[in-house]
Amino acid sequence: MSEAVKRVMERVAQADRAGALALAGQAFASGERHPLVVMLAAEQIEAMDDAGRAIQMLRDGVGDAPHEPEAWRRLGVLLGRTGQHVEARAALEQADMLWPDQPMIVEPLGHACLALADLDAADAHYQRLEAMMPGRAAPLAARAAVAVRRGDVAGATMLGERALTVEPDNITAALSLARLALDQGDAAEAEARATALLTRVGEHGEAAVGVLGLRADARDAMGAYDLAFADYVARNQEVHRRTAPLLARQGKERRVDQARRLHRGLKPLPVTGSLPREEHGLRGHLFVLGFPRSGTTLLEKALAGHDAIRTLPEIDIVGRVAGGLLERDQITRLDSLTPADIAALRQRYFDAAAVEVGPLQGIVLVDKLPLHSVALPLIARLFPDATLLLSLRDPRDVVLSCIRRRFQMNAAMFELLRPVDAVNYYEAVMQLILACRHTLPVTLHEVRHEALVTDLEKELCGILRLVGLEWQPAMADFAGRAAARARTPSDLQLTLGLNANGVGYWRRYTDVLAPWLPRMQRWVDHWGYA
């Protein structure tokens, strides 16, 4: 053990946390990679608002010391704080395996599962936590949050009130009861509770994000649209503030810049001859694309009700298999792909799809991801035989909905946090779609969200004809399928069933949207929403 590590340990033993952090930072900078040094140095870096660097340090740390549970725990907690819940869950499950039944591991593991809408797993972890911490407020409050998500009014009320009896200032319990009031139709009560909470939590931090979002929803339900918009913007600005350093640390191209670059560089694809003869036996292959909040989830959940259709979970298999070809330093390879290259990439894609949905023989495979739009040059190159559905919705409703809803954060969703950025990204993606339509050998079948919510069966029958299928009544039960794993804002909304309440919703926000409406008018006219 080095002298630097011994000095850090001495400060820890003396409960001199500031001294331990300072020495760990110095030791790390000098090349020391002992797990304790890495963990404390990462904590110091995180405190300096550089979560991206801290995460990378911890990733390297668990790589060097894979059997150190505290390193996995810290990595999982930090990933969760930055909205990377899939990775957070995996890291915390590793910590839980190495060091079972530790409250400081089980609690954030439950939070990660809740963020991923795995409500059964979340509640199971919170019940474990309750057994470890009997009579404490934290597990009761966490279980109340799960009960709210499940629509369990009695359970949420009981658990939330028990938590507040134990700890009157518990934010999670108070927030859950406020959300419950809103879900029960008492927007004024929810708004009052959220306003009181906001005075306690302040304007920054994860708690502020949750409270601002709740108050915005309550004010929207009350018809106070200007105030609601101000809260949505404030919430998103806080998420932007917390996320921007992480993305900057990654050093990757902004998604809006990627869409613009692909548009500028788009050119006709070379002819590659016949497609490879594959053994998967698919009956059909559908890509559903568009833009976030344009209606792609309703389309996918409805299609999933057909017994000959299998829908992929919302994961980017195209990007996983070949997304690197869209990067700045790789895009030229797209033109030079040989038939053998294309065959290999297609096989990797279909193999990955089979892992998710089972055997492909005789089915229609649906791959829904709104921002497949940005990958259109790649999809056209690899899957010229696929059917492409372009989901459309009034651009003003799309942009407003992106601002109002809270997404799992990633580089693409980061572009939707601020109104000006959301408009910029929408415009860049639409320009790319138009360019692809004019330049590439693709046929985009337009599906309008407004028509879908007006006559679901009629619109779906038109889509089914494209792949040689007929309507089945089970397709109308999309709400049940959405409720089974309500992970995204669209999933949660669809659990309420089919309704046209969101059509023209932007009109309620006309005054606050005024600065951006002229920019959107081009797309309103182009898509026929004038």
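**View 1. In this predicted model, helix α24 is followed by G468, a residue whose phi is positive.** The phi of G468 comes near 70 degrees. An α-helix has 3.6 residues a turn, so residues three or four places apart point the same way.

**View 2. A207 sits in helix α13, which covers residues 206–222.** Is A207 buried, partly exposed or exposed? With a relative accessibility of 32%, A207 counts as partly exposed, because buried means under 20% and exposed means over 50%. When residues up to four places away in sequence are left out of the count, A207 touches I171 and V201. L345, by contrast, is 138 residues away from A207 in sequence, and the two C-alpha atoms are 43 Å apart in space.

**View 3. The protein is divided into two parts, domain 1 (140–251) and domain 2 (258–527).** Their C-alpha centres lie 31 Å apart, and the contact takes 19 residues from domain 1 and 23 residues from domain 2. The size of an interface is often given as the accessible area lost when the parts come together. For domain 1 and domain 2 this buried area is about 1800 Å², with 59% of it on carbon and sulfur atoms. Of the area that domain 1 buries against domain 2, Y225, F229 and H240 supply 32%, which is more than any other three residues.

**View 4. Between domain 1 and domain 2 there are 2 salt bridges, and the rule for polar contacts finds 10 residue pairs across their interface.** On the side of domain 1 that touches domain 2, the elements giving two or more residues are α13 and α14, the latter spanning 225–250. Which of these elements gives the largest share of that side? The largest share, 14 residues, comes from α14.

**View 5. The side chains of E206 and R406 meet in a salt bridge.** The distance from N to O in this pair is 2.6 Å.

Key:
Residues are numbered from 1 along each chain as its sequence is written. This is a predicted model: local features need pLDDT of at least 70, side-chain atom pairs count only at pLDDT 80 or more; totals for chains, interfaces and linings use all residues. Side-chain values use heavy atoms; hydrogens and water are left out. Helices (H or I, at least four residues) and strands (E, at least two) are DSSP runs, numbered from the N terminus. Buried means under 20% relative accessible area, exposed over 50%, partly exposed in between (1.4 Å probe, protein chains only). Contact means heavy atoms within 4.5 Å. Domain bounds come from an automatic or database domain assignment. Buried area is the accessible area (1.4 Å probe) that two parts lose on being put together, summed over both. A salt bridge is a side-chain nitrogen of Lys or Arg within 4 Å of a carboxyl oxygen of Asp or Glu. A polar contact is a pair of N or O atoms within 3.5 Å; within protein, one must be able to donate a hydrogen and the other to accept it, and residues adjacent in sequence count only if both atoms are side-chain atoms.
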